[in-house]
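User: I would like to go through the salt bridges of a protein model. Can you take me through them step by step?

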Amino acid sequence: MIEEMERYGCARLPDTGLTMVGPLLIAHGTDAQRAYHLPKILSGEIIWCQGYSEPDAGSDLAALRTSAVREADQWVINGQKVWTTLGMDAQWIFVLARTDPQAAKQKGISFFLMPMDMPGVKVRSIVNIDLHAEFAEVFFDDVRIPADAIVGEVNEGWTIAKNLLGFERLFLGSPKQSEGALGHLERLCDHLGKSGDHASLLNGLRMELEDHKSFYTSFADKVRRGERLGPDVSMLKINQSALYQKITDRIMDVAGELGTLAGQLPDTPTLYPGSVFLQARPTSIYGGSSEIQRNIVAKQVLGLGR
């Protein structure tokens, strides 16, 4: 489905439900959770956002402090999330919260589903470097949710979260961003009459993109076969981030002074080199920074540092 979206030029839709929540509920949800949420995810009527990162728990997500305390037939949630993509638009959020403050970092965390219109939920937008309110802070002040809002067992949320991140890293490792950026670079060269001057550069980047597409397909095929993604999927996200930024760096080289303009170029609405460059900057941070991803590959794939 993602590949079909890309063919139609849809680089990103509000797809957190499809790429994260849906697969997670299929694997770990109750019958009631699947019956209620999956049809709404497939129809697109509900937008989801991810309540993972916190001010002091980003790449080190297990350091999160948001708490969930059981009171009778409810969970009471208190804390804060940050860098919540689509937080201003979403109707539902999935939240990692600490349910056992005495347990080791990864052992006392649980996974919850929560409507965004619950009393005590406050959302504040964050304007990014491209001047869009793409992210948000989300605050929880004695938010009460039903006991059955938990997914899986109490204190087993870290395992569930890791499974979800495998799907996220497959999605973030898709070649769509690099392919779109390379198309932008090719149009820019043609617009400036520099295609011949940069033929070697363009051919080299096309070859790197084809390599990445093949790499991506090997992981997508695992999902098609119903196999679980392992920690090696982090390599896909690392490679995509690096290639996307490399291509947009070359866009700025070719654009020269035009790259300093915000938004579309004056004489053509399909070229916006400065914006493409800015959009590529956070890719090596979001979804787990490239440094953290390399540590995962080193320890869990290569067996280093044990």
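User: How far apart are the closest N and O atoms of arginine 144 and glutamate 71?
Analyst: This is a predicted model. Arginine 144 sits in strand 7 (residues 135-146) and glutamate 71 in strand 2 (residues 67-71). They are 73 residues apart, so the pair links distant parts of the chain. Their side chains form a salt bridge, and the closest N and O atoms are apart by 3.1 Å.

User: Is glutamate 137 buried or exposed?
Analyst: Glutamate 137 meets arginine 124 in a salt bridge of 2.9 Å, N to O. Glutamate 137 lies in strand 7 and arginine 124 in strand 6 (residues 121-126), so the pair ties together parts 13 residues apart in sequence. Arginine 124 is partly exposed, at 42%. Buried means under 20% relative accessible area. Glutamate 137 has 15%, so glutamate 137 is buried.

User: Which residue forms a salt bridge with aspartate 31?
Analyst: Look in helix 3 (residues 31-43). The closest N and O atoms are 2.6 Å apart, and the partner is arginine 34.

User: How many salt bridges does the count come to?
Analyst: The rule asks for a side-chain nitrogen of Lys or Arg within 4 Å of a carboxyl oxygen of Asp or Glu. By this rule the count comes to 13.

How values were computed: Residues are numbered from 1 along each chain as its sequence is written. This is a predicted model: local features need pLDDT of at least 70, side-chain atom pairs count only at pLDDT 80 or more; totals for chains, interfaces and linings use all residues. Side-chain values use heavy atoms; hydrogens and water are left out. Helices (H or I, at least four residues) and strands (E, at least two) are DSSP runs, numbered from the N terminus. Buried means under 20% relative accessible area, exposed over 50%, partly exposed in between (1.4 Å probe, protein chains only).
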